[in-house]
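Here are my notes for your first look at this structure. Keep the viewer open and follow the points in order.

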Amino acid sequence: MINFSFDGKAYTAQEGDTLAAALLRNGIGLVGRSFKYHRPRGIMTAGVEEPNALVTVGEGGRAEPNTRATDVFVYEGLVAKSQNRWPNLSFDVGAVLGLAAPALSAGFYYKTFFGSAKKWMFYEYFIRKAAGLGNAPTQADPDRFSHRAAFCDVLIVGAGPAGLQAALDAAEAGKRVILVEQDNILGASLIRDPQELDAAWIEVTAARIRAAGGRILPRTTASGYWEHDLVTLTQRLSEPGQVPANSVAQRLWHVRAGQVILATGSIERPMAFAHNDRPGVMLSQAVRSYVQRFGVVPGKRVVIATNNDDAYKTAQTLKDAGAQIVAILDARPAPAGANSGHRVYNDAVPLLTKGARHCLKSVSALVDGKTMEWDADLLAVSGGFTPVVHLHMQAGGTLDWNEDAQAFIPASSRQNVTTIGRAAEPQAIFKMVPVSSPKKSFIDFQNDVTLADVDLAWAEGYRSVEHLKRYTTLGMATDQGKLSNMAALGRLAEKQGVAIPEAGLTTFRPPYTPVTMGLIAGAGAKDAGAHVRRLALYDLHAAKNPIWQPLGYWFRPRAYPNGGESLAQAAMREAKAVRNNVGMTDVSTLAKFEVSGPDAAAFLEIICATTVSKLAVGRGRYTFMLREDGFVFDDGTVWRLDENRYLLTSSTGGADRMATHISYVRQYLCPHLRVSAVNVQEHHAGLAIAGPKAKAVVDALIGTPAPRHMSTEPATIAGTPVLVLAASYSGERAFEIYVDANQAKAVWAACEAHVQAEGGCLYGLEAMEFLRIEKGHLVVGGEVDGRMTPHDLALDKMLNKAGGYIGASGLVRPALSEGGRRQLVGLEAIEGDIPEGSMLIPREGASPQGHVSAAAFRIIEGGSVALGQLVDGFSRHGEILIASSPTRGQKARVRVVAPHFYDPAGERYRD
Amino acid sequence: MTEVTITTPPAAPLHVFEIWGNPAAVAKRFKAAMGFALPATGQSGGSDALRLIRFEPTVWLVEGDISALGDVLAEDGALTATSGGIVRMRLSGAGWRTLLMEGGVFDAESPTFAAGCSAATIIDHVNVRLHVVSDDACDAYVPLSFSAGLLHFWKEAALSL
């Protein structure tokens with residue numbers, strides 16, 4: 001026996017019970033309240049199509065709302081709660097809404113809650129309070145979720161008789177096979193109809209499939225069928241709310257299959273009649289399943305309503321289990337069912353049920369034109385069968401109409417998918433038309449949509465099935481209309497006076513059944529979706545407890561506060577150290593490419609918009625790169641290390657993009673060049689030493705005079721080979737030192753010791769930002785935002801006059817050099833601090849003429865400065881503007897100046 | 001439970017060996033100098049002293065002593081050091097193939113992905129190069145910056161294969 005609770009009351013279940021089976025076993029008929037009218041609802045089905053018995057399972061972060069009681073297997077300690085009721089399930093105040101049903105008909109929202117958006121915000125609060133599914137948990141989910149790939153020759157969906165046989169045939173033919181079954185045991189229809197093929201056959205077949213190398217995944221639902229025969233499977237490794245054995249609760253499989261076989265069976269349809277949603281009204285095959293699989297007999301006095309032969313199996317099963325079959329209402333004319341041994345009424349269709357909140361009491365029917373009534377506690381209905389064509393349609397397949405079955409069946413598909421079994425050949429049924437009052441004749445049980453709602457939509461002019469769907473919300477609940485679509489189409493076709501196929505069909509989209517958000521997020525749910533990129537020297541930085549700054553996927557030190565320093569205090573101290581003395585920072589994340597070969601210079605002059613080939617060995621220069629349309633997309637430095645070997649650096653944020661660009665140019669534009677271009681971003685760890693004392697520090701470190709500005713030399717630090725580049729981003733004399741990342745710690749330690757010995761310190765990204773803004777250096781993603789040309793950034797004098805670089809053709813377009821373009825400017829605050837990101841306006845209320853791309857405080861002199869983009873900015877130096885940020889309520893008066901606030905002649909970094 | 005162990009061997013010299021011209025001549029010189037053929041696409045060759053793993057049509061990852069390769073390449077290609085940016089990890093045990101399917105997009109479970117095969121793929125958003133050492137072991141070459149994250153990911157995933 002297994003202990004569980006429902007709405008706080010303890011019950012017991014048997015091994016293998018679904019929650020629905022366990023509730024029925026304990027005599028619980030009322031399981032939930034409907035979405036709109038709060039009508040009492042019980043258990044209608046035994047599968048994933050269940051529209052009524054939605055419960056919240058589990059507690060805390062594991063709580064899973066809107067779980068179908070038919071799709072969760074009871075485990076020890078399971079806690080389930082009913083939803084959408086107050087104060088309790090039996091007495092629900094919200095049920096008063098049922099009295100207002102005439103006012104809450106189809107299109108209620110559209111007719112009632114119109115007006116301004118502001119009004120809707122008001123309405124929405126109450127609508128959300130009243131409407132009802134379960135509540136999302138407020139705590140974090142403690143479990144993990146896995147994403148796994150799989151490949152196979154044949155993927156079979158559904159382990160009923162057809163699916164098992166198909167899997168066996170494929171596996172024993174030497175194919176790589178995956179067989180998935182949403183239930184936790186195999187067999188599907190054979191479980192409720194074991195007389196067709198028994199459990200032994202299922203067991204033997206599964207064993208043979210496994211022996212042939214096939215993989216069988218129970219408790220796994222094929223939830224999505226995508227292009228190129230990619231099928232996503234959702235696998236439950238633990239039940240909703242259950243503590244998983246290995247911490248992984250669910251797994252999302254991405255299966256790429258050579259062929260997909262859909263053996264998905266069919267779903268039994270309910271019938272439309274008044275109060276057909278009452279607890280005690282169930283689908284016929286579901287009743288049979290509860291009896292055969294779980295040993296639970298859902299009723300003692302049973303009426304069966306059908307339009308096909310299948311329901312007679314249910315009658316016999318119930319009779320064998322000791323229930324009394326009061327009547328079989330067969331919509332077909334005599335002699336259908338004549339030899340069944342039961343009391344059969346032909347030309348009989350249900351009209352109405354009566355009962356209490358928890359149970360059914362009687363069933364009325366129209367029998368050959370006369371109304372009859374029977375006392376009953378269970379009504380098992382079978383309105384026909386709807387093939388599960390969802391995956392076929394998701395695969396882009398078309399559907400054919402099967403007149404005998406009154407159902408759509410799979411036709412052709414552009415993908416390699418085949419449907420077999422009952423999904424391809426549904427049982428024949430007798431076509432019947434509802435005769436009951438449409439007002440309480442529910443067709444979409446989850447969204448409380450009745451035949452009357454369809455009629456109203458029709459009366460109001462909604463002719464298209466797509467419009468009907470959206471106006472009535474039919475088929476838009478979590479069950480995606482599995483039970484309702486055909487009834488609605490039948491009614492729509494009836495109104496139109498056409499056959500059902502002519503009425504149209506809505507589109508099935510993934511997922512087939514609801515998928516949890518955690519499963520979609522996968523392992524990334526715990527770390528914001530991606531791995532953090534760590535610096536080679538991460539441990540050294542972490543030991544200093546810096547403030548970290550996310551930069552793309554990287555985390556870099558933003559500042560190294562001393563004692564109780566704030567970020568701003570620490571960054572300003574660090575920046576002053578660089579201006580006055582010496583500082584050191586980690587620049588490992590810069591993009592770096594080693595370009596080798598006789599055509600290396602030619603290759604780089606295609607990538608870079610500046611000249612390269614004229615560089616002498618041991619020299620470097622600033623460079624930038626353009627997109628094909630002539631806009632700047634990255635910048636950096638290029639260094640000639642040897643006759644035929646160069647090092648190209650570019651921005652951290654654009655590193656991956658630059659790698660792709662270089663690869664594209666190498667492979668597609670220049671396959672003829674004798675060149676090798678290798679991404680060495682992570683091979684070289686890098687550090688920068690900057691400040692008036694930087695040269696002295698580097699001299700001491702390498703034991704020889706440090707290279708002059710924009711020169712490079714190989715050297716040795718702490719016995720480790722390094723490459724020293726003399727380049728400045730801060731505006732001070734500065735050096736970048738690159739070393740094999742495996743050997744970087746010793747080099748960093750030696751450099752830090754020398755910097756500290758000179759009274760210097762480490763500095764982070766915040767100080768670097770202060771320094772570069774004051775100097776007027778660009779940053780990709782800031783000033784270089786994809787909309788600026790070399791002219792706009794005052795880089796045009798550096799362009800390679802010989803052309804030939806990517807973007808050269810695009811750049812000559814007249815529009816890129818006409819007036820009215822935004823241009824790089826500096827901004828000095830006259831009054832107030834300049835808000836970063838603010839817009840530049842000539843006066844209050846005027847349209848923006850530019851924006852502030854980066855703002856900082858001057859390091860030595862004080863005062864707020866910024867870089868920005870301003871329409872015709874080059875010719876507007878001296879103008880007074882307002883830098884305004886309405887979203888932050890900040891503004892400052894600024895003067896437009898040249899974008900160099902510090903050492904514009906560059907005297908400080910030259911020897 | 002499917003077993004797999006993840007270890008991180010010490011850093012080894014790694015280089016990119018790229019050919020830009022005369023591939024037949026390079027292949028001939030290589031065979032003559034090294035005693036084995038340049039591995040085909042998706043294959044590796046050599047020994048623990050020097051192994052070449054081909055991941056791209058004109059690019060091999062070289063693990064080991066490269067002293068003889070400069071002459072092999074002559075003017076037809078280049079060698080570039082890359083060991084600082086790559087962390088080698090060895091996945092050992094019967095479960096290594098299953099582990100590689102976690103967050104993966106590559107068919108590591110294919111019987112054709114056997115000892116001596118190589119692949120470049122993405123695992124949980126990280127670019128990884130694979131080299132099958134034996135039926136029970138596969139080496140992964142992981143970017144240094146992602147190595148801590150991917151190691152954590154694999155260790156977690158290995159608990160629930």
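1. Start with two helices of chain A. Helix H4 (residues 161-172) and helix H6 (residues 199-211) have axes that come within 9 Å and cross at roughly 30°. Angles under 35 degrees count as roughly parallel, so H4(A) is roughly parallel to H6(A). Their crossing is left-handed. Bear in mind that this is a predicted model.

2. Now find the residues behind that contact. H4(A) supplies A:Leu164, A:Ala167, A:Leu168, A:Ala171 and A:Glu172. H6(A) supplies A:Ile202, A:Thr205, A:Arg208 and A:Ile209. What kinds of residue make up the contact of H4(A) with H6(A)? They divide into 6 nonpolar, 1 polar and 2 charged.

3. Helix H7 (residues 284-294) and helix H8 (residues 310-320) pack at an angle of about 35°. Their axes are 9 Å apart. The crossing of H7(A) and H8(A) is left-handed. On H7(A), the contact uses A:Ser284, A:Gln285, A:Val287, A:Arg288, A:Val291 and A:Gln292. On H8(A), look for A:Asp310, A:Ala311, A:Lys313, A:Thr314, A:Thr317 and A:Leu318. This contact of H7(A) with H8(A) has 4 nonpolar, 5 polar and 3 charged residues.

4. Next, a sheet. In chain A, 5 strands form an open sheet, ordered S33-S34-S35-S32-S36, with antiparallel pairing. Which strands stand at the edges? They are strand S33 (620-626) and S36 of chain A. Each has a single partner strand, so one side of each is left without a neighbour in the sheet. On average, neighbouring strands of this sheet are turned by 25° against each other, direction ignored.

5. Zoom in on one strand pair. S32(A) and strand S35 (residues 645-650) of chain A run antiparallel and are joined by 6 bridges. A:Glu594 stands opposite A:Leu647 in S35(A). In general, strands of a sheet pair through backbone hydrogen bonds.

6. Step back to the domains. The assignment for chain A includes domain 2 (143-269 + 384-429), domain 5 (593-679) and domain 6 (814-897). The C-alpha centres of domain 2 and domain 6 of chain A lie 62 Å apart.

7. Finish with the second chain. 33 residues of chain A are in contact with 36 residues of chain B. Strands S8 (144-157), S32 (591-596), S36 (676-679) and S37 (684-690) of chain A each give two or more residues to that side of chain A. S8(A) gives the largest share, 7 residues. The residues on this side of chain A divide into 13 nonpolar, 12 polar and 8 charged.

Terms used:
Residues are numbered from 1 along each chain as its sequence is written. Chains are lettered from A and ligands numbered from 1 in the order in which they are written. This is a predicted model: local features need pLDDT of at least 70, side-chain atom pairs count only at pLDDT 80 or more; totals for chains, interfaces and linings use all residues. Two residues are in contact if their C-beta atoms, placed from the backbone, lie within 7 Å. Helices (H or I, at least four residues) and strands (E, at least two) are DSSP runs, numbered from the N terminus. Ala, Val, Leu, Ile, Met, Phe, Trp, Tyr, Cys and Pro count as nonpolar, Asp, Glu, Lys and Arg as charged, and the others, Gly among them, as polar. Axes are lines fitted to C-alpha atoms, for helices over the stretch in contact, and angles run from 0 to 180 degrees between N-to-C directions. A crossing is left-handed if the near helix is turned anticlockwise from the far one by less than a right angle, and right-handed if clockwise. Domain bounds come from an automatic or database domain assignment. Angles under 35 degrees count as roughly parallel, over 145 as roughly antiparallel, 65 to 115 as roughly perpendicular and the rest as oblique. Two strands pair if DSSP finds at least two bridges between them.
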